[in-house]
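Subject: Structure for you to look over

Dear colleague,

I am passing on the structure we spoke about, with the sequence alongside. Could you look through it with the notes below in hand?

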Amino acid sequence: MEDLISFVQNEFVEKKEFPEFGAGDTITVYYEIREGEKKRTQFFRGVVIQVRGTGATRTFTIRKMSGTVGVERIFPINLPALQKIEVNKQGKVRRSRIYYFRGLTGKKARIKEVRK
């Protein structure tokens with residue numbers, strides 16, 4: 001059964017090329033929104049909290065601050081509405097899932113940047 005599922009995913013699921021990113025990176029995700037007949041592109045810029053899954057079932061969670069409220073959004077990597085992903089900053093963190101980042105505010109919420 002798993003062979004059949006992987007075969008279908010490899011053959012019929014459209015693969016898009018996105019840059020490599022991980023937890024702690026600041027990225028901008030551009031995705032398409034349909035409102036009735038209209039289409040528009042919206043972006044969501046924030047810090048990657050986690051990347052989970054493999055292959056077609058891979059998802060990533062992004063957190064941004066909207067005023068004083070933290071907003072998180074989960075994106076599947078094979079979402080048809082995803083147009084592009086830009087990596088703005090590469091962060092240096094010691095964990096692959098930085099849930100502790102939710103509780104930090106102010107200067108403590110900074111992530112050290114990796115210079116290229």
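D25 counts as buried, because its relative accessibility is 6% and the cut-off for buried is under 20%. Please bear in mind throughout that this is a predicted model, so I have kept to what can be computed from its atoms. The residue sits in the loop that runs between α1 (2-12) and β1 (26-35).

With neighbours within four places in sequence left aside, E113 is in contact with K89, Q90 and G91. In contrast to the buried D25, E113 is partly exposed, with a relative accessible area of 36%. The C-alpha atom of E113 is separated by 18 Å from that of Y100, a residue 13 places away along the chain.

The strands form an open sheet of five, in the order β4-β3-β2-β1-β5 and with antiparallel pairing. At its edges are β4 (69-76) and β5 (82-89), each of which pairs on one side only. On average, and with direction ignored, neighbouring strands of this sheet are turned by 40° against each other.

Two of the strand pairs can be followed in some detail. The hairpin of β1 and β2 has two residues between the strands, and in it G36 takes a positive phi near 70°. Strand β2 (residues 38-52) then pairs with strand β3 (residues 59-66), again in the antiparallel sense, over five bridges. In this second pair the bridge partner of Q50 is T61, while that of R52 is T59. The hairpin of β2 and β3 has six residues between the strands, and here G53 takes a positive phi near 90°.

Which residues touch the most other members of the largest nonpolar core? They are I27, V29, F60, F75 and I85, out of the 14 residues that make up this core. At least two residues of the core come from each of β1, β2, β3 and β5, and β1 gives the most, with four. I85 shows how some of these residues meet: leaving aside its neighbours within four places in sequence, I85 is in contact with I27, V29 and F60, and also with F18, P19, F21, T28 and I77. As background, in soluble globular proteins nonpolar side chains tend to be buried together.

Turning to charged pairs, the count of salt bridges comes to five, and I describe some of them here. The side chains of R40 and E35 meet in one, at 3.1 Å from N to O. R40 counts as partly exposed at 37% relative accessibility, and E35 is likewise partly exposed, with a relative accessible area of 43%. Another joins E72 to R63, with the closest N and O atoms 3.1 Å apart. Here the two partners fall into separate classes, because R63, with a relative accessible area of 14%, is buried, whereas E72, at 31%, is partly exposed. The side chains of E86 and K84 also meet in a salt bridge, at 3.4 Å from N to O; E86 counts as partly exposed at 30% relative accessibility, and K84 is partly exposed as well, with a relative accessible area of 41%. Finally, salt bridges that share partners join R63, E72 and R102 into one network.

With best wishes

Technical notes:
Residues are numbered from 1 along each chain as its sequence is written. This is a predicted model: local features need pLDDT of at least 70, side-chain atom pairs count only at pLDDT 80 or more; totals for chains, interfaces and linings use all residues. Side-chain values use heavy atoms; hydrogens and water are left out. Two strands pair if DSSP finds at least two bridges between them. Axes are lines fitted to C-alpha atoms, for helices over the stretch in contact, and angles run from 0 to 180 degrees between N-to-C directions. Buried means under 20% relative accessible area, exposed over 50%, partly exposed in between (1.4 Å probe, protein chains only). A salt bridge is a side-chain nitrogen of Lys or Arg within 4 Å of a carboxyl oxygen of Asp or Glu. A nonpolar core is a set of buried Ala, Val, Leu, Ile, Met, Phe, Trp, Tyr and Cys residues joined through side-chain atoms within 4.5 Å. Contact means heavy atoms within 4.5 Å.
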